[in-house]
Structure formats: C-alpha cells, structure tokens
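Here is a short report for a first visit. It covers a ligand site, some aromatic pairs and a few charges over rings.

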Amino acid sequence: MKMHRAEEIWLIISVSVLVLSMVVTGYQTFAQGMGPPSNMETIDPQKVDEHELFSEPGVYKTGENQYEVVMTLQIFSFTPGDIEIPAGAEVTFTMTSKDVVHGFQIAGTNVNAMVMPGHIQKITETFDEPGEYLILCNEYCGAGHQAMATTITVK
Amino acid sequence: METAVLKETFMDKTNKKLGVNPEDALVSKVYLSLAFILLLVGGTLGLLQGLNRAGLLQLPVWLNYYQILTAHGILLVVAFTTLFMTGYFYAGVSHTLGGLTSKARKFAWSALASLLVGTVMIMTTVVMGEASVMYTFYPPMQASPWFYIGLVFLALGIWLAGTGVFVNAASWKKANRGQKLPLFSFFAVGGYLLLILGSLGITAEVLMLIPWAFGWTETVNVMLSRTLFWAFGHTAVNVWYLVAVSAWYVAIPKIIGGKTFSDVLARVVVILSVILNVPGGFHHQIIDPGITQSVKFMHVFMSLSIALPSLLTAFAMFAIFERAGRKKGATGLLGWFKKLPWKDVRFLAPMIAMITFIPAGAGGIAQTNNQLNQTVHNSLWVVGHFHLTVGVTVALTFFGIAYWLIPYLSKRVMTARLNKLGLIQTWLWAIGMLFMSGSMHWVGLLGSPRRTSFSTYGDNATALSWDPYLMFLGIGGTLLFAGVVLMVYIVFHLMFRAPKGHTEFPIAEEEENASPTPKWTERWGLWIVLAIAVISMGYVIPIVDMIVNAPPGSPGFKTW
Ligand code: HEM
Ligand SMILES: [Cu+2]
Ligand SMILES: [Cu+2]
C-alpha cells in the first residue's frame with residue numbers, strides 16, 4: 001500500500017500525540033503516584049460488619065494532618081456521613097459496598113472511584129480549600145440513587 | 001467457470017436494471033422499519049429523560065426514570081443499531097453480490113425472529129419493573145431471569161445474521177474464483193465478525209447470570225461479569241461506528257461525484273478494527289478496584305491503538321473530498337470545500353456525522369488516558385461523549401443512508417420536498433445535539449453524575465449551580481425529539497408514499513490508476529487468529545486474576 005507524503009505526515013503527527021499522551025499518563029501513574037484508584041484487597045461482601053476495619057466505619061486520625069475515612073456504601077447512603085476535617089488534611093478514603101455497585105465522587109475534585117461489593121477501594125486526596133464539598137454516588141444503584149449523597153466539610 | 005462468470009455478470013446487469021429483487025427488498029424493509037419504530041420509542045423516552053433532568057418534568061409514579069433510561073439505552077444502542085445494521089448490510093450484500101442466496105435469506109429471517117423474541121422478552125421485563133438495571137445490568141443487581149434469557153436471544157440473532165452474510169460471501173467467492181469480494185460486502189463480513197467476537201464475552205456472562213437469577217446458584221463474581229460485559233459493550237459501539245464508516249468509503253464518494261480513495265486502505269481499516277477492538281472494553285473500568293495500575297496502563301495502549309483506523313479514515317475522507325472538488329474545477333487550498341453538495345441531504349447528514357467525530361474522537365482519546373478518565377468517569381460528560389459518537393456520528397450516518405437505501409428498496413424516488421425536510425432534520429439534529437451534548441460535557445466536568453434523575457441533593461449549593469446547564473440539556477433534547485419525529489416521517493414516506501421510480505444504490509468506483517488490491521486482505525483466518533491473540537493479550541492476565549483471587553461472590557439485590 002503506497003502512501004502519500006501528506007498522509008505520512010498526518011499519521012506521524014497524530015500518532016506522536018497519542019504516544020505523548022501515553023507517556024504523560026505513564027509518568028503521572030508510576031513516577032508521581034497519581035494513578036487511578038486500583039486497590040487489590042478483597043472482602044466477603046456478606047460479612048462487611050464483621051470485618052476488622054469496616055465493623056467500625058468512621059474518621060480516624062493517622063498522622064500529622066492525615067486522616068483515614070473508613071466508609072461503607074449501601075443503598076442509599078454513605079457511612080459515615082457529614083464528615084469534617086481541617087484544611088490541608090490528607091485524607092485516605094477506604095471503602096467497600098455492602099450491596100450493589102456504587103460510585104464515590106466528590107464534586108469539584110478529582111476524587112472518583114468505583115466501589116464494589118467484594119472489593120476494598122482506596123483513594124487519597126489533600127483538601128487545601130476550606131468549604132463544604134458534595135459527595136455523591138455516581139453509579140446507578142437503585143430507586144433512591146439520586147438521593148445518595150453526603151458532604152465533607154473542610155475547616 | 002466461464003459460464004459462471006457470464007451468468008454472474010448477467011445477474012449483475014439485470015440487478016442493476018430491475019433494481020433489488022422483491023424477496024431481498026422485503027428482508028431489509030422489515031429490518032429498517034422496525035429500526036425506525038424503535039428509534040421513535042427510544043427518542044420519546046429520551047425526551048422525557050431530558051425534560052426530567054432539566055427539572056421541568058416530574059415523572060408519574062408508574063413511570064420510573066431508571067426504568068425508561070434502561071429502555072432508552074437498550075432500544076437505541078442495542079436494538080435500533082443491530083436492526084439497522086442488518087437491514088443495511090443485507091441490502092448491500094444483495095446488491096454487490098448479485099442477490100442474496102436463499103440460504104442467506106433464511107438466516108436473515110431467523111435472525112429477525114430471534115432478535116424480536118429477545119427484544120420483546122427484555123422490554124416486557126423492563127416494563128413490568130422487573131429489570132430496571134440499565135443496558136449494562138451490572139450484578140449484583142438482579143433482574144428477572146427472562147431479561148437475561150432475552151439477551152441470549154439477542155446474541156443468537158446476531159450470530160444468525162452474521163452467519164447468513166458469511167455464507168453468502170463464501171458462495172459468491174466460490175462462483176467468482178480469483179475475484180476480490182466487493183468492498184461493501186467486505187465491510188459486512190468484517191462488521192459481523194467483530195460483533196460476534198465481542199458477543200462471546202456477554203454470552204459467557206449471561207450464562208453465569210441465568211442460573212443465579214433463577215436462584216440455582218447463590219452468588220456471582222461481580223468483577224468478572226462487568227469485565228465480560230464491557231468486552232461486548234465497547235465492541236458493539238465500535239461495530240456501529242464501522243457500519244457508518246462503510247457508507248463513508250463506499251457510498252459517499254459516489255454521491256459527491258468522486259471515486260474511492262483507496263480500496264486497499266478501506267480494507268486495512270476494516271482488518272485493523274477487527275483485530276484491535278475488543279480489549280478496548282477495559283477503558284470502561286479505569287477506576288475499578290481489583291485491576292492493577294500496570295494492567296490499566298497497558299490498556300491505555302490497547303485503547304489508543306483503536307484510534308489508528310480512524311486516523312487513516314480521516315485522511316482518506318478529506319482526500320476524497322478534495323479530489324472530487326478539484327475534478328469539478330475547484331482551485332486554491334480550500335476551494336473544494338465549496339464544491340461539495342451541501343444542499344444534498346445524502347451528503348450533508350453523513351458529512352456532519354464525520355465532522356462530529358473530530359471532537360468526539362478527540363474526547364475519546366482524552367478520556368481513555370487514566371487520570372483524565374478519573375475526572376469524568378460516570379459524569380454527564382460521558383453521556384455527552386457517546387451522544388456525539390453513537391448519537392451523531394453513527395445515527396446521523398444511518399439517517400443519511402436511509403435517504404437512498406429506503407427508496408432503493410421500495411422502488412421510489414426522493415423528491416425535492418423530502419430532500420428539504422431531510423436538510424431541516426439534519427440541522428435540527430446537529431443543533432439539538434450541540435445543545436444537549438455540549439451542556440452534558442460541561443456540567444459533567446463540574447461533577448453532575450450520569451444515570452441520575454433530577455436531584456438537588458437537598459438544595460446543595462454545588463448541585464443547584466448545575467441547573468442552568470441542565471436546562472440547555474432539556475432544550476437540546478426537545479429539538480432532538482422533533483428531529484426523531486421528522487426522520488421517522490421521512491423514512492415511512494420514502495417507504496410507502498414517495499413517487500415510484502428508480503433509485504440507485506451508490507457504490508463508488510476505483511480510480512483508473514488504482515493499484516490492485518493484494519490477496520492477503522482476504523485472509524480472514526489470519527485476522528481471526530490475530531484478533532484472538534490481541535484479545536488474549538488484553539484479557540488473560542486480568543481475567544485469571546479476577547477468577548483466582550476472587551472474593552466470595554455476591555447474592556442478588558433488587559434495589560428499585
Ligand atoms: C431524542 C433524542 C435523544 C435524547 C433526547 C436523549 C437523551 C438522553 C438522556 C437525557 C440520557 C440520560 C442521561 C442520564 O441520566 O444518564 C440518555 C442516555 C443514553 N442515550 Fe440518549 N438521547 C437521545 C437519542 C439517543 C440515541 C440516538 C442514542 C443511540 C443510538 C442514545 C443512546 C443513549 C444511551 C446508550 C444512553 C445511556 C443509558 C445508560 O446510561 O444506561 N440516545 N439519552
Ligand atoms: Cu447510586
Ligand atoms: Cu469503549
């Protein structure tokens with residue numbers, strides 16, 4: 001198949017853009033630790049309440065302005081809800097679902113993760129800007145899905 | 001041998017003189033009629049969704065948002081598209097191979113029966129409120145078992161329709177030894193092959209879900225099901241796109257008075273699409289747990305490779321336009337642009353479809369890169385994205401095809417009035433989508449989630465700030481609904497009312513000096529082996545991991 005000069009140029013430029021986008025994505029993932037939430041731990045979805053972590057969901061201080069939020073998602077709520085943390089806090093959310101698939105999203109941030117039964121999901125975010133943020137479920141989970149929300153307030 | 005060739009050319013000639021034979025025409029007319037009826041139903045539901053999200057319409061208790069959204073998704077992105085594809089491909093196979101074989105026609109009719117049984121089963125369970133699970137039906141949400149059995153019939157319908165095309169192409173090759181399969185039929189074979197490859201995953205999934213839904217097995221592997229679903233879900237939309245692309249390569253050059261850009265290139269695009277496509281399913285699971293970051297990164301590569309055939313197509317299309325324009329006396333760098341038949345809806349509709357694919361494809365490339373995906377996943381951005389790709393690039397090309405395919409089948413002709421209505425339809429669609437998809441993209445970036453009925457989350461300030469954008473979503477949806485009604489009117493007018501006459505099935509010819517198409521393009525066995533190799537590369541590691549390291553399974557839930 002013979003190619004035109006212009007076609008070669010077009011392909012070289014566009015493929016370079018694709019490769020460049022991959023390089024940036026790879027660099028951010030592996031060098032800067034910004035990869036997408038991909039935690040590998042599992043859990044028995046029918047025994048979440050008996051689990052060492054999830055038997056007591058809540059906000060735990062883990063270090064100098066570092067927090068871990070241990071959270072369960074179930075139709076149609078987040079436990080714990082109405083979370084409060086100080087400004088500048090680095091918060092790790094450790095989550096699982098007690099029933100169907102849910103989504104965990106904090107509007108106005110890049111916090112976005114799927115939360116599945118049987119899997120423990122983790123995502124970390126540093127909250128510098130004070131204010132009230134909306135946490136919502138962004139995966140359809142049933143009749144009350146549009147009401148599944150809570151807030152995190154940064155003081 | 002000699003006589004076989006003579007007989008073929010004779011058949012070709014009569015075919016061209018008399019047009020399509022009534023038996024073949026009936027197959028395609030039935031498929032296309034059903035497709036457009038479903039478009040009307042699905043579009044009506046779309047309007048209700050749009051108005052609800054804009055906060056203008058509170059749905060009555062007996063009509064749940066998630067119920068109609070499930071129906072909208074299945075009717076439009078599965079049923080409408082499959083039916084259109086089959087009606088269109090069978091018509092083109094009949095035209096380019098000198099009529100369908102009677103065996104192929106039987107396959108087409110039994111495929112239709114299977115597709116209808118499947119669709120009726122699925123829709124019945126949805127209407128009864130037994131299956132408000134979306135077209136993705138992620139377990140452990142558990143629909144009625146009949147919903148999943150309906151899906152098996154859909155898969156069976158796809159295989160039957162594909163087999164009919166394969167059988168017809170094989171018998172043509174036998175009767176025309178040494179000749180290359182006409183380009184249109186090449187697209188049809190490639191399209192069905194890819195769809196069948198993709199449907200293997202969903203079939204395996206559904207076979208696990210049926211016993212679970214009947215209560216014979218207690219739990220199900222949630223991650224595995226989801227992954228198998230997306231092997232299909234992703235591949236299917238790429239097949240719909242390939243169907244649209246077939247018209248761009250085969251019909252559009254003829255409509256604008258040009259020639260095929262390169263027969264070889266078009267075939268390479270089909271082959272690459274078949275080989276590379278299926279593992280793209282993973283870009284729907286970028287923020288899932290249970291898949292490592294390394295596997296996700298490998299899949300950035302696999303997804304981006306799917307862009308390659310589209311890049312080839314983009315170049316080819318502009319080359320076709322430029323050559324056709326210059327032949328008509330265009331000068332200067334962009335003079336050809338004005339020579340294009342903008343007032344001919346058979347050109348305008350697919351042209352807008354193509355132009356739309358420029359931002360739509362770019363958006364796709366962006367959101368398959370992991371971190372960017374995290375910013376938009378499951379937001380309305382994504383819904384905006386696929387209303388551009390499937391809702392415009394695919395659907396508007398299908399509309400563009402209908403303007404000549406339906407009168408070709410019904411032995412009628414399009415009138416100037418219908419052409420004008422078609423132009424209005426096309427602009428309604430383009431502007432409606434600009435509003436709807438534009439506002440979906442924007443409000444999605446701000447955080448508004450998809451698959452969520454109107455909600456202010458208890459008058460939350462952030463959620464309230466989304467309302468103005470959602471209003472534009474509603475306006476766009478209303479324009480689109482008008483477009484659907486107009487389109488369905490045009491289709492049935494062309495089918496039953498337009499003046500009798502002869503309409504051509506536009507098939508572009510090759511340039512006189514075109515290089516011959518090499519024989520290797522038709523080594524289907526090799527393409528299947530390569531496709532399976534690529535699928536294995538993408539799936540073996542994560543699937544083994546999902547099975548071996550699976551958590552205890554999930555029981556079913558009915559949460560609606
Ligand atoms: C009258 C025209 C249309 C309107 C007004 C419309 C409107 C909408 C709206 C408002 C949503 C749901 C947003 C959400 O809550 O997530 C949606 C979802 C969807 N639409 Fe459309 N749409 C139209 C045409 C189409 C067409 C032609 C296709 C494909 C061929 C299509 C495919 C889909 C799909 C696959 C979904 C996703 C369903 C899901 O999330 O499960 N739509 N549409
Ligand atoms: Cu939800
Ligand atoms: Cu995809």
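Is B:Trp404 buried or exposed? B:Trp404 is buried, because its relative accessible area is 3%. Buried means under 20% relative accessible area, exposed means over 50%, and partly exposed lies in between (1.4 Å probe, protein chains only).

## Ground rules

This is a predicted model, where local features need pLDDT of at least 70, side-chain atom pairs count only at pLDDT 80 or more, and totals for chains, interfaces and linings use all residues. Residues are numbered from 1 along each chain as its sequence is written, chains are lettered from A and ligands numbered from 1 in the order in which they are written, and side-chain values use heavy atoms, with hydrogens and water left out.

## The shell around ligand 1

Ligand 1 is surrounded by 26 residues (a residue is near if one of its heavy atoms lies within 4 Å). The closest are B:Arg53, B:Tyr65, B:His72, B:His387 and B:Arg451. By class, 15 residues of the shell are nonpolar, eight are polar and three are charged. Here Ala, Val, Leu, Ile, Met, Phe, Trp, Tyr, Cys and Pro count as nonpolar, Asp, Glu, Lys and Arg as charged, and the others, Gly among them, as polar.

Several helices of chain B each supply at least two shell residues: α2 (22–53), α3 (65–96), α15 (380–410), α16 (416–446) and α18 (467–496). Helices are DSSP runs (H or I, at least four residues), numbered from the N terminus. α2(B) gives the most, with six residues.

## Polar contacts to the ligand

A polar contact is a pair of N or O atoms within 3.5 Å. The side chain of B:Arg53 has an N or O atom 2.9 Å from an oxygen atom of ligand 1. For B:Tyr65, a polar side-chain atom lies 2.5 Å from an oxygen atom of ligand 1. B:His72 places a polar side-chain atom 2.8 Å from a nitrogen atom of ligand 1.

## Aromatic pairs

Over all chains, there are 46 aromatic pairs. Rings of Phe, Tyr and Trp (its six-membered ring) pair if their centres lie within 6.5 Å; planes under 30 degrees apart count as stacked, over 60 as edge-to-face and the rest as tilted. B:Trp336 and B:Phe337 are edge-to-face, because their planes stand at 75°, with centres 5.9 Å apart. B:Trp336 is buried at 7% relative accessibility. B:Phe337 is partly exposed at 40%.

B:Trp404 and B:Phe505 are also edge-to-face, 5.0 Å centre to centre and 65° between the planes. This pair links distant parts of the chain, 101 residues apart. B:Trp404 sits in helix α15 of chain B, and B:Phe505 in the loop between α18 and α19 (524–548) of chain B. B:Phe505 is buried at 4% relative accessibility.

Definitions and conventions
A polar contact is a pair of N or O atoms within 3.5 Å; within protein, one must be able to donate a hydrogen and the other to accept it, and residues adjacent in sequence count only if both atoms are side-chain atoms.
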